[in-house]
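User: Could you walk me through this model? I'd like to go from the overall layout down to single residues.

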Amino acid sequence: SDPEAVLERALKANVRRVCAVAQYESSWPRIDALAAAHPAVVVRGLGLHPAPTGSEMSFETAATHLPELHDALLAAHPQVVGEIGLDWKYAVSPEQ
């Protein structure tokens, strides 16, 4: 869905703050842009979702993105960190 439209509907419904968490590196810039455009409304969050659910990445691939997440957290100063791999229900091995 269109984030701008979602924000518009939320504001019309008297929602005052929205937490937007990017769970993949590819979506971090979109969250940054949304928060920059609506700083009084959008609480920005960055993270990685390593669960192999048929989406962007596997556990192993997510681990390779941790340095980028670290750098992005230092540069972007998000208010929250989310989706960092505590979804035990998706683990397929004891290590995960």
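User: How many helices and strands are there in the protein chain?

Analyst: There are 4 helices and 3 strands in the protein chain, where helices (H or I, at least four residues) and strands (E, at least two) are DSSP runs numbered from the N terminus. From the N terminus on, the elements run α-β-α-β-α-α-β. This is a predicted model, in which local features need pLDDT of at least 70 and side-chain atom pairs count only at pLDDT 80 or more, while totals for chains, interfaces and linings use all residues. Residues are numbered from 1 along each chain as its sequence is written, and side-chain values use heavy atoms, with hydrogens and water left out.

User: OK, what order do the strands of the sheet have?

Analyst: The 3 strands form an open sheet in the order 1-2-3, with parallel pairing; two strands pair if DSSP finds at least two bridges between them. Strand 1 (18-22) and strand 3 (80-82) are the edge strands, each pairing on one side only, and the twist from one strand to the next averages 35 degrees.

User: And how many bridges join strand 1 to strand 2?

Analyst: Strand 1 and strand 2 are joined by 5 bridges, with cysteine 19 standing opposite valine 43 in strand 2.

User: Which strands does helix 2 lie across?

Analyst: Helix 2 (residues 28-37) lies across strand 1 and strand 2, and runs at about 165 degrees to strand 2. Helix 4 (residues 66-76) also packs on the sheet, where it touches strand 2 and strand 3 and makes about 155 degrees with the direction of strand 2. For these angles, axes are lines fitted to C-alpha atoms, for helices over the stretch in contact, and the angles run from 0 to 180 degrees between N-to-C directions; contact means heavy atoms within 4.5 Å.

User: Why is strand 2 described as largely enclosed?

Analyst: Strand 2 is largely enclosed by the rest of the structure because 6 of its 6 residues are buried. Buried means under 20% relative accessible area, exposed over 50%, and partly exposed in between (1.4 Å probe, protein chains only). In a regular strand the side chains alternate between the two faces of the sheet. Here both faces are covered, with Val42, Arg44 and Leu46 buried on one side and Val43, Gly45 and Gly47 buried on the other.

User: Changing topic: how much space lies in the largest pocket?

Analyst: About 320 Å³ lies in the largest pocket. A pocket is found on a 1 Å grid over the protein atoms alone, as an open set of points where a 1.4 Å probe fits, with protein on both sides within 12 Å along at least five of seven lines, and lining residues have an atom within 4 Å of a point. Grid points are joined across faces, edges and corners, and the volume is the space filled by probe spheres set on the points.

User: Which residues are closest to its centre?

Analyst: Of the 19 residues that line the largest pocket, Pro3, Ala20, Arg30, Ile31 and Leu34 are the closest to its centre. Helix 1 (3-12), strand 1 and helix 2 each supply at least two residues of the lining.

User: Last one, where is asparagine 14 found?

Analyst: Asparagine 14 is found in the loop between helix 1 and strand 1, and its phi is near 70 degrees, a positive value in a residue other than glycine. Asparagine 14 is exposed, with a relative accessible area of 56%.
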